[in-house]
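Please take a look at the protein and its ligand below.

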Amino acid sequence: MNRKKIVAGNWKMNKLYSEAVELVDEITIALKDDEKADGIVKILIPSFPYLRKVARHSHGIKNMFTGAQNCAHEEGGAFTGEVSAAMIKSLGVSHVIIGHSERRSYFHETNEDLKKKVNIVLGQSLTPIFCVGESEEKRHAKEHFAVIEKQITDSLFHLPATEFAKVVLAYEPVWAIGTGLTATSHQAQEMHLFIRTLIEKKYGKETANMISILYGGSCNAKNATELFACPDVDGGLIGGASLVAKDFITIIHSFPQ
Ligand code: PEP
């Protein structure tokens, strides 16, 4: 399968500026002559104030990109405190996380809000990393597939196939994010296949087979190998473990050879 293999590090609201510079330096120095990592897409996703610096430091490393953790739901104007997709793009950034569960729950972002953001991000030729995930309660109620289907349908399925094909998806069960609880490789594969089948029904096999679907939720240097061995898991969106250069590099090396 020719899908892109991707490891993205979501630094969230961590690191002071000097620490962020140190981390990007450690990662880029390690990756400079790392041929094993060349074919893997690597995305560093720091806070807004560090985007330009991280983008500059990543420059020259093969398949290395910078992403933002969020963007405004409007294109521009009187929205104090917000950062537009166009501003993000102007910093040399290529990816934007949309719909992270922390945004959905703490900032009450709805599927409709996220649909708007997807349109704005694609309109700037940026790549959305669109996150979906069910709560522990929904999984116990066996409603996890329905939740994921609705999140994808409501926010993405209005897109024409050519635009949809530009999206990266991330399955992040809410109960696994930052908790140390990881989905088993069986649970991850089952959901990733469900998502791919859903895409196939809407856009056809070719599109479904080219979409990268990342797993996120306590993925770390120890469990990445097992998760990345699943046929429909195309990499990871990594939170905590992406803050330690050595662990992030180990995760990048965790794809089957
Ligand atoms: C995330 O926030 O996207 C995430 C997966 O976090 P963690 O790896 O810390 O669970």
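## Around the ligand

By class, the shell around the ligand holds 4 nonpolar, 8 polar and 2 charged residues. Here Ala, Val, Leu, Ile, Met, Phe, Trp, Tyr, Cys and Pro count as nonpolar, Asp, Glu, Lys and Arg as charged, and the others, Gly among them, as polar. This is a predicted model: local features need pLDDT of at least 70, side-chain atom pairs count only at pLDDT 80 or more, and totals for chains, interfaces and linings use all residues. Residues are numbered from 1 along each chain as its sequence is written, and side-chain values use heavy atoms, with hydrogens and water left out.

| Residue | Polar atom | Distance |
|---|---|---|
| Glu172 | side chain | 2.6 Å |
| Gly178 | backbone | 2.6 Å |
| Gly239 | backbone | 2.8 Å |

On its own, the ligand has 290 Å² of accessible area (Shrake-Rupley method, 1.4 Å probe). The protein covers 95% of that.

## Aromatic rings

The whole structure has 7 aromatic pairs. Rings of Phe, Tyr and Trp (its six-membered ring) pair if their centres lie within 6.5 Å; planes under 30 degrees apart count as stacked, over 60 as edge-to-face and the rest as tilted. Phe157 and Phe164 are edge-to-face, with centres 5.8 Å apart and 65° between the planes. Ring pairs join both of them and Tyr203 into a cluster.

Why is the pair of Phe228 and Phe255 stacked? The ring centres are 4.5 Å apart and the planes meet at 25°, so the pair counts as stacked.

Technical notes: Polar contact = N/O pair within 3.5 Å; in protein donor to acceptor, adjacent residues only side chain to side chain.
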